[in-house]
Amino acid sequence: MEGDIVQAAKLIGAGLAAIGVFGGGIGVGLAALGATQAMGRNPDVTGTIQTNMILGFAFAEATSIYALVVALLILFVF
Amino acid sequence: MEAEKTSRWRWGVNRWIVLGLIILNFIFARQFPPIAPNVQLPAEPIFPITLPLVGEFVVTNTIIATLIADLVLFLLAFFVWRAVRRGDQILTGITGTVEAMTDALFSLNESTAGKWGKTIFVWMATIVFLVLIVNWTELIPGVDSIGAFNAEHIENPEDCTFDTFRIGSLEVVSVGGEPECSKGVVPFVRVASTDLNFTIALALIAVFMTQVIGVRALGASYFTKFFNTKTLFTAPMFGVINFLVSLLEAILESVKILSFGFRLFGNIFAGSILLFVVGSLVPVFLQSGVLLFEWFVGIIQAIVFGLLTLIFMSLATAGHGDEEEN
């Protein structure tokens with residue numbers, strides 16, 4: 001009984017922790033939006049923009065990866 | 001001419017190879033149902049060895065993956081060395097790929113870091129190549145799915161069926177029955193990036209070398225970035241603020257280690273879990289798409305790790321902007 005409740009709480013907690021991923025999704029979307037707009041205006045600097053876009057992806061994604069790591073830790077470690 | 005080419009292409013052999021592989025995929029998915037191996041965060045120990053200086057040392061499955069990646073890197077280096085020694089004017093095939101990558105990375109370094117580009121390139125390119133090969137070990141068939149069987153991970157071992165057959169003198173067990181049963185499989189090789197030891201070690205190397213290169217570029221004045229007492233007495237009000245901001249800079253520097261480590265770890269660990277889950281739910285078609293996605297994630301994470309190292313290092317070599325203004 002108690003073990004089941006703990007298991008259920010773990011699953012719920014992991015699900016709640018994974019909510020944090022949506023902020024990273026918005027961030028990556030905004031980065032891609034800005035990059036595509038900039039590329040549309042000035043196609044000559046596509047290379048530079050792409051490099052910076054991937055860098056922006058990495059920073060925006062980092063927070064959502066933290067949420068994911070917390071969810072995975074709850075599921076598989078505790 | 002154009003039409004002839006198209007018709008010849010239409011009867012090409014590649015499509016039949018793909019069709020045959022798909023049919024084989026169906027047959028094998030029936031015969032050997034894909035498994036979802038035991039998922040756990042720490043690397044599983046495989047066998048202990050005794051090293052001369054270290055003493056007792058447990059070889060984990062991620063260490064084996066790292067050694068495989070190292071071997072691939074050495075082979076690449078050997079091929080390039082042989083091609084260069086032979087005096088090839090134009091590198092082709094695998095050596096050409098390595099040359100193109102090295103060239104692209106080097107020009108990126110030159111354009112970002114200027115005269116420190118050469119110093120930074122050594123660290124950055126090493127990290128990119130190592131992380132790339134390590135991430136791509138995930139794509140080798142058998143990684144994460146062939147392993148030793150450990151019944152401790154299963155809750156009800158009596159529900160499982162085991163088919164034992166022999167390949168030569170090697171005894172092979174295929175696990176069947178409940179989906180739970182495959183959790184007992186501890187893979188021999190697990191992608192090294194799914195072990196925090198690997199990613200945090202790389203992050204430590206990157207951040208530490210950032211400090212070393214900063215000191216080499218700016219001398220002792222590099223540390224005023226973290227302990228800014230320059231304006232503390234000349235302009236007390238702003239000096240205190242500057243001092244506190246520089247302390248924050250020191251905290252940011254140590255957080256970089258975590259952010260580096262967890263980014264790579266999270267991406268690849270989540271990817272390998274996705275591969276297990278998709279593989280055990282939909283064994284045909286879908287996993288090929290996920291494998292392609294993981295291939296892409298492997299490249300992106302390697303480039304991001306290297307690019308961030310490059311940018312942090314080139315920021316460390318540049319002095320404070322406001323100092324030059326004063």
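Student: What share of the contacts in chain B with a separation of 6 or more comes from residues 24 or more positions apart?

Tutor: This is a predicted model. In chain B, residues 24 or more positions apart account for 69% of those contacts.

Student: What elements does chain B contain, and how many?

Tutor: Chain B has nine helices and six strands.

Student: What percentage of chain B is buried?

Tutor: Of the 326 residues in chain B, 29% are buried.

Student: Which kinds of side chain tend to be buried together?

Tutor: In soluble globular proteins, nonpolar side chains tend to be buried together. Now take this model. Its largest nonpolar core has 51 residues. B:Ile120, B:Ile127, B:Val131, B:Val134 and B:Phe305 have the most contacts inside that core.

Student: Which helices each supply at least two residues of this core?

Tutor: From chain A, helix H3 (46-76) does. From chain B, helices H3 (61-86), H5 (117-136), H6 (196-218), H7 (236-281) and H8 (286-317) do. H5(B) gives the most to this core, eleven residues.

Student: How do I read the packing of H5(B) and H6(B), and at what angle do they pack?

Tutor: Look at the angle and the distance between the axes. Here the angle is about 175°, and the axes are 11 Å apart. An angle over 145 degrees counts as roughly antiparallel, so H5(B) and H6(B) are roughly antiparallel to each other.

Student: Which residues meet there?

Tutor: H5(B) brings B:Thr119, B:Ile120, B:Trp123 and B:Ile127. H6(B) brings B:Leu202, B:Ala206, B:Met209 and B:Ile213. By class, this contact has seven nonpolar residues, one polar and no charged.

Student: How many residues does each chain give to the contact between chain A and chain B?

Tutor: Chain B gives 16 residues and chain A gives twelve. On the side of chain B that touches chain A, H7 and H8 of chain B are the elements that give two or more residues. H7(B) has the largest share, eight residues. The residues on this side of chain B divide into eleven nonpolar, four polar and one charged.

Student: Now the strands. In what sense do S1 and S2 of chain B pair, parallel or antiparallel?

Tutor: First, a general point. In a regular strand the side chains alternate between the two faces of the sheet. In this model, S1 (residues 45-51) and S2 (residues 55-60) of chain B pair in the antiparallel sense over six bridges. A hairpin of three residues joins S1(B) to S2(B). B:Leu51 stands opposite B:Gly55 in S2(B).

Conventions:
Residues numbered from 1 in each chain as written. Chains lettered and ligands numbered in written order. Predicted model: local features only at pLDDT ≥ 70, side-chain atom pairs only at ≥ 80, totals over all residues. Helix = DSSP H or I, 4+ residues; strand = E, 2+ residues; numbered from the N terminus. Buried ≥ 20, exposed ≤ 12 C-beta atoms within 10 Å, placed from the backbone. Contact = placed C-beta atoms within 7 Å. Core = buried A, V, L, I, M, F, W, Y, C linked by C-beta atoms within 7 Å. Nonpolar A, V, L, I, M, F, W, Y, C, P; charged D, E, K, R; others polar. Axes fitted to C-alpha atoms, helices over the stretch in contact; angles between N-to-C directions. Parallel < 35°, antiparallel > 145°, perpendicular 65-115°, else oblique. Pairing = 2+ DSSP bridges.
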